[in-house]
Amino acid sequence: MTGAVEKKIVRPYGDTTGDGMVQLSFTLPVPHDKRAEGAAIQLAGKMGIDPAMLVHAKQIGDGYTFFVVYGRVNHLVDVSAVQVVERDYPLLSAKEVNALVKQKLRRKLSVVGACIGTDAHTVGIDAILNVKGIAGEKGLEYYRELKVTNLGAQVSVPELVEAARVEKADAVLVSQVVTQRDAHLHNTREMSAAFREAMPAGKRPLLIVGGPRFDETMAEELGVDRIFGRGTTPGEVASYLVHALITNRRARA
Amino acid sequence: MTGKLDLDPALVARARELARRAGQPVVDLARSHTTVSVERAVLRLAGVTGADPDGIPWVNRLVDAVVADVGLGHGVAAAVFDALAREQITDVTLLAQKAAAGSVRFRQPVGKEATAARRAARRAVAAGIRRIDRRRAERERLIKRYGDPAQRPWIYLIVATGDIYEDIPQAQAAARAGADVIAVIRSTGQSLLDYVPEGATREGFAGTYATQENFRLMREALDASSRELGRYVRLTNYASGLCMPEMATLAGLERLDMMLNDSMYGILFRDINPIRTFVDQRFSRQVHARAGIIINTGEDNYLTTADAVEEAHTVTVSQLLNEFFAHEAGLADWQLGLGHAFEINPDVPESLRLELAHALLARELFPDAPLKWMPPTKHMTGDVFRGNLLDGFFNLVGTMTGQGILLVGMMTEAVVTPWLSDRDIALQNVRYVLGAAGGLHEDFVPAPGGFIQQRAHRVLAEAVRLLERIGEQSLLTAIAEGAFGIMKRPPDRGKGLDGVARHEDDYWNPATEILEGARA
């Protein structure tokens with residue numbers, strides 16, 4: 001895809017083009033002495049820094065030393081050969097998500113979430129839905145234009161379908177942590193089949209599952225619209241909702 | 001009042017009166033309801049310990065069994081001790097095991113049997129409370145022996161590996177490096193568990209489970225550190241979520257020194273039912289009062305969702321409400337670690353002066369409370385160099401405004417859980433600022449009528465206006481309609497609602513009786 005791009009070689013920049021200078025800090029599990037400093041320089045050398053200047057070394061606690069190293073790396077970077085995996089939807093801020101829902105949908109976007117089956121681990125669904133959120137990012141409840149219904153743990157599939165109907169869900173989020181005997185896969189298939197049975201294609205909410213052990217490429221096989229794996233943030237889910245339900249709506253049908 | 005801001009004493013008094021008026025209906029509600037967690041806390045005080053083979057604590061099994069037979073609204077103590085007498089056993093944990101096996105039925109005793117059951121229950125619970133009293137006396141003795149930190153603010157550091165046996169050396173290293181208070185962050189999602197896990201735990205999600213055994217192990221390790229360092233190192237955990245009363249009880253029994261305990265955090269941020277939260281909160285605060293534990297409130301959280309300039313007054317309102325609820329539950333001013341945070345966008349002009357105004361306002365409104373000063377998180381990015389500078393300014397505001405407890409900010413906030421070196425650099429930052437400017441609060445007197453004074457007056461006035469609005473509709477309605485943050489939390493919704501019951505006429509709780517009786 002980038003075949004036509006001209007070859008472009010760069011090196012890090014300190015204060016002169018091509019000087020290759022970098023800075024680096026790390027800790028080694030040794031007390032501070034001459035040998036420790038030598039070890040730090042050896043590490044820097046193995047990382048391709050030559051010459052390496054050890055500018056700071058400080059012992060932390062009993063057996064650790066923190067180092068700061070400056071030096072020249074001998075690596076070259078070919079910018080034209082960089083491969084980037086693009087997300088197939090743009091990442092939006094909470095403000096942008098709210099604005100798009102307000103302008104384009106002209107009503108609140110209804111999201112229903114649950115842990116289905118016997119799974120009592122609400123960590124995942126709560127991280128995505130609770131205002132508290134995860135890793136400093138607020139959950140979907142924080143988004144003014146989303147109406148979130150969190151059904152919690154151990155929700156049966158019929159209950160979930162009914163709640164989705166009552167709440168006129170635009171999207172259903174299901175979290176599955178327990179994977180014993182592939183419970184997460186069975187539960188997901190059962191859920192998607194139930195929605196297919198209960199609602200005609202055009203009326204079905206967007207079906208999304210998430211959990212640490214899912215393979216993100218299995219969406220079609222499991223009958224859902226999207227799978228989110230480990231480390232997914234609420235912002236990614238919100239952005240995807242806007243993409244799938246609003247900005248890229250037609251593509252879905 | 002120290003008077004650096006020239007606050008109007010009449011307005012301050014009015015703010016407190018409005019907070020009282022907003023809070024009183026909630027106190028009445030808390031006094032007329034109980035929860036499964038309050039009742040479990042009572043049974044923990046009465047001596048129920050341990051868990052079944054699936055890890056479900058015997059207190060849960062016992063309360064569930066009593067509720068199934070006679071409901072929750074009478075309080076479980078009388079029914080439990082009545083059953084104990086009928087079974088002719090003395091060990092409440094054994095009774096819990098029998099109840100779980102279905103071999104004991106419960107009834108609500110009346111007449112002489114009720115009197116006898118209450119007497120026995122009160123004796124057992126009183127023994128639990130005496131253990132808390134002994135732990136408090138022990139803390140006072142150790143503080144006398146080893147001493148408090150030489151400086152204010154106390155330096156508060158977090159450890160959170162998920163494994164208690166990794167946490168311990170990290171906590172001891174942090175204490176050696178200058179930490180006065182160690183907080184062990186809980187595993188993500190523990191607040192929504194309706195039971196307290198048991199035993200020493202070695203795995204958690206972004207934190208370590210709070211269990212009685214983990215409390216005990218860490219306190220023991222920090223006692224060794226206190227001995228080594230010649231200053232008493234305090235330990236913090238969380239009395240929040242669905243098990244707030246039990247956490248408070250276990251903290252008292254294991255001599256924890258501080259507990260995070262906010263009046264509204266669980267409602268707003270965890271969607272826990274408002275009534276459940278207020279009932280649990282009142283009981284947990286009564287236990288904290290008795291145990292000599294300093295509570296830390298969670299106002300910093302509002303500023304992570306809302307704008308720290310526009311919504312500054314919501315922090316003041318929450319502090320006033322937290323103060324009212326805390327006093328009502330018997331906590332003294334020295335136990336009120338009211339929270340606030342350095343969260344103004346650094347790109348806002350004069351952001352440092354605004355921070356000084358807000359921090360000083362809290363200091364002057366609550367002159368005898370050890371305020372908890374929380375570092376920047378919202379505007380921390382992967383730029384660790386800028387983050388370190390921001391933390392330096394945070395430390396400076398903390399010392400200039402006389403904050404009591406300073407949570408050490410990490411330049412790698414929002415990047416990684418703190419590395420050893422991050423913590424060392426962060427502590428170096430604190431030590432530099434406290435060393436260079438530790439006495440600056442003496443010289444820092446904002447100009448009369450100047451920017452800082454004006455800003456503080458404005459925030460206080462806005463707080464009074466919000467309290468007036470809340471007073472017109474009651475706090476529960478205000479919460480239901482989204483007055484705090486943007487979350488709407490009606491009292492008939494939220495997690496843990498099924499564990500709430502209105503008191504029956506014969507509701508009886510020996511722990512509350514003893515804890516309230518102790519108050520003059």
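Domain bounds here come from an automatic or database domain assignment. On that basis chain A has domain 1 (9–80) and domain 2 (94–252), and the C-alpha centres of domain 1 of chain A and domain 2 of chain A lie 45 Å apart. This is a predicted model, in which local features need pLDDT of at least 70 and side-chain atom pairs count only at pLDDT 80 or more, while totals for chains, interfaces and linings use all residues. Residues are numbered from 1 along each chain as its sequence is written, and chains are lettered from A and ligands numbered from 1 in the order in which they are written.

**Domains of chain B**

- For chain B, the domain assignment gives domain 1 (33–126) and domain 2 (246–454), and the centres of these two domains of chain B, taken over C-alpha atoms, are separated by 39 Å.
- The contact between them takes 9 residues from domain 1 of chain B and 7 residues from domain 2 of chain B, where two residues are in contact if their C-beta atoms, placed from the backbone, lie within 7 Å.
- On the side of domain 1 of chain B that touches domain 2 of chain B, β1 (33–35) and α2 (36–45) of chain B each supply at least two residues, and the largest share, 6 residues, comes from α2(B).
- Helices (H or I, at least four residues) and strands (E, at least two) are DSSP runs, numbered from the N terminus.
- The residues on that side of domain 1 of chain B divide into 3 nonpolar, 4 polar and 2 charged; Ala, Val, Leu, Ile, Met, Phe, Trp, Tyr, Cys and Pro count as nonpolar, Asp, Glu, Lys and Arg as charged, and the others, Gly among them, as polar.

**Contact between the chains**

- The contact takes 19 residues from chain A and 21 residues from chain B.
- On the side of chain A that touches chain B, the elements that give two or more residues are β4 (64–73) and α3 (123–129) of chain A, with the largest share, 3 residues, coming from α3(A).
- By class, the residues on this side of chain A divide into 7 nonpolar, 7 polar and 5 charged.

**Helix packing**

- Two packed helices are described by the angle between their axes and the distance between the axes.
- Axes are lines fitted to C-alpha atoms, for helices over the stretch in contact, and angles run from 0 to 180 degrees between N-to-C directions.
- In chain A, the axes of helix α4 (residues 157–166) and helix α5 (residues 183–198) come within 10 Å and cross at roughly 45°, and α4(A) and α5(A) are therefore oblique to each other; angles under 35 degrees count as roughly parallel, over 145 as roughly antiparallel, 65 to 115 as roughly perpendicular and the rest as oblique.
- In this pair, V157(A), L160(A) and V161(A) of α4(A) meet E190(A), M191(A), A194(A), F195(A) and A198(A) of α5(A), and the residues of the contact divide into 7 nonpolar, no polar and 1 charged.
- In chain B, helix α4 (residues 77–87) and helix α6 (residues 111–146) pack at an angle of about 100° with their axes 8 Å apart, and α4(B) and α6(B) are therefore roughly perpendicular to each other.
- Among the residues that make this contact are F81(B) and L84(B) of α4(B) and A117(B) and R118(B) of α6(B), and by class the contact has 11 nonpolar, no polar and 3 charged residues.

**A buried residue of chain B**

- N322(B) lies in helix α13 (residues 312–328) of chain B and is buried, with 30 other C-beta atoms within 10 Å; a residue is buried if 20 or more other C-beta atoms lie within 10 Å of its own, exposed if 12 or fewer, and partly exposed in between, with C-beta atoms placed from the backbone.
- Leaving aside its neighbours within four places in sequence, N322(B) is in contact with D262(B), S263(B), T297(B) and L338(B).
- The C-alpha atoms of N322(B) and L336(B), which are 14 residues apart along the chain, are separated by 8.6 Å.

**Backbone details**

- The peptide bond from D50(A) to P51(A) is cis, with omega near 5°, and P51(A) is found in strand β3 (residues 49–60) of chain A.
- The peptide bond from R152(B) to P153(B) is cis, with omega near -5°, and P153(B) has its place in the loop between α6 and β2 (154–159) of chain B.
- D6(B), in the segment before α1 (9–31) of chain B, has phi near 55°, a positive value in a residue other than glycine, and D6(B) is partly exposed, with 13 other C-beta atoms within 10 Å.
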